[in-house]
Structures are given as C-alpha cells and as structure tokens.
Amino acid sequence: MNKSELIELVATKADTTKKEAHALLDALTEVIVQTVADGERVVLVGFGTFEARERKARDGRNPKTGEQLTIPATTVPTFSAGKQFKNAVADQRTES
C-alpha cells in the first residue's frame, strides 16, 4: 500500500474527504518525526512505539575492497509494534 492508497482508505473509514485525510496523515507523520527527533517517545497504545535509539560504533568491511573500517555510532529511529498490532498480524497469518 502506498501513501495515496492509505489516504483513500483513511478518508473512507473516517467519512471525510481525501484532502482532509491527506492533511491529517501529513500532520501525524510530521509530529511523530519531530517528537522522535527531539529525543522523545511516541506511544500509541495497541499500535506501537516510535523512539530514537543509539547504535554503537562497530567494525565493518568495505564490500568492494575488503578493507576494514569503523562504522561510527549514530542515532536511529525505531518502531516497536504493540501487542494488539502483533496479535492482529499473527492471527491473519494463521488464517491464511
């Protein structure tokens, strides 16, 4: 599913226009991105948690040359699915 398909489904479920659904989806993603970038967690009970995590520096290898190098530490965004989300996916898998 791409963004326009998601907007169409949200508009249908929320009984609103595609334009309004598009604005709401953009606002939601903007707020989540900014909040996580500011170092805070976003918890949507039943859906999941968005947060920033530190990734330690580690040794790596250049795949072309085989040369060893150090990959620097960085902060990455993560998403952990909530219990209801996990259960819905697991239930759908067992039905197929």
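Which residues form a nonpolar patch on the surface? The patch consists of L44, F47, F79, F85 and V89, which together have about 390 Å² of accessible area. The model is predicted, so local features need pLDDT of at least 70 and side-chain atom pairs count only at pLDDT 80 or more, whereas totals for chains, interfaces and linings use all residues. Residues are numbered from 1 along each chain as its sequence is written, and side-chain values use heavy atoms, with hydrogens and water left out.

A patch joins residues with over 30% relative accessible area and no salt bridge, linking like charges within 9 Å and nonpolar side chains (Val, Leu, Ile, Met, Phe, Trp, Tyr) within 5 Å. Accessible areas come from the Shrake-Rupley method with a 1.4 Å probe, and for residues only the protein chains shown count as cover. Strands (E, at least two residues) and helices (H or I, at least four) are DSSP runs, numbered from the N terminus.

The next topic is charge pairing. Side chains of opposite charge can pair when their charged atoms come close. The structure contains three salt bridges, each defined as a side-chain nitrogen of Lys or Arg within 4 Å of a carboxyl oxygen of Asp or Glu. In one of them, K3 pairs with D26, with 2.6 Å between the closest N and O atoms. This pair connects distant parts of the chain, since K3 is in helix α1 (residues 3-13) and D26, 23 residues apart from it, is in helix α2 (residues 18-37). K3 is partly exposed at 42% relative accessible area, and D26 is partly exposed at 26%.

A further salt bridge joins E8 and K18, whose closest N and O atoms are 3.8 Å apart. Here too distant parts of the chain are linked: E8 lies in helix α1 and K18 in helix α2, 10 residues apart. E8 is partly exposed, with a relative accessible area of 42%.

E51 and R53 also form a salt bridge, at 3.1 Å from N to O. E51 is part of strand β2, residues 48-55. E51 counts as buried because its relative accessibility is 15%, while R53, at 39%, counts as partly exposed. Beyond its neighbours within four places in sequence, E51 is in contact (heavy atoms within 4.5 Å) with V36, E40, R41, V76, P77 and T78.

Note on methods:
Buried means under 20% relative accessible area, exposed over 50%, partly exposed in between (1.4 Å probe, protein chains only).
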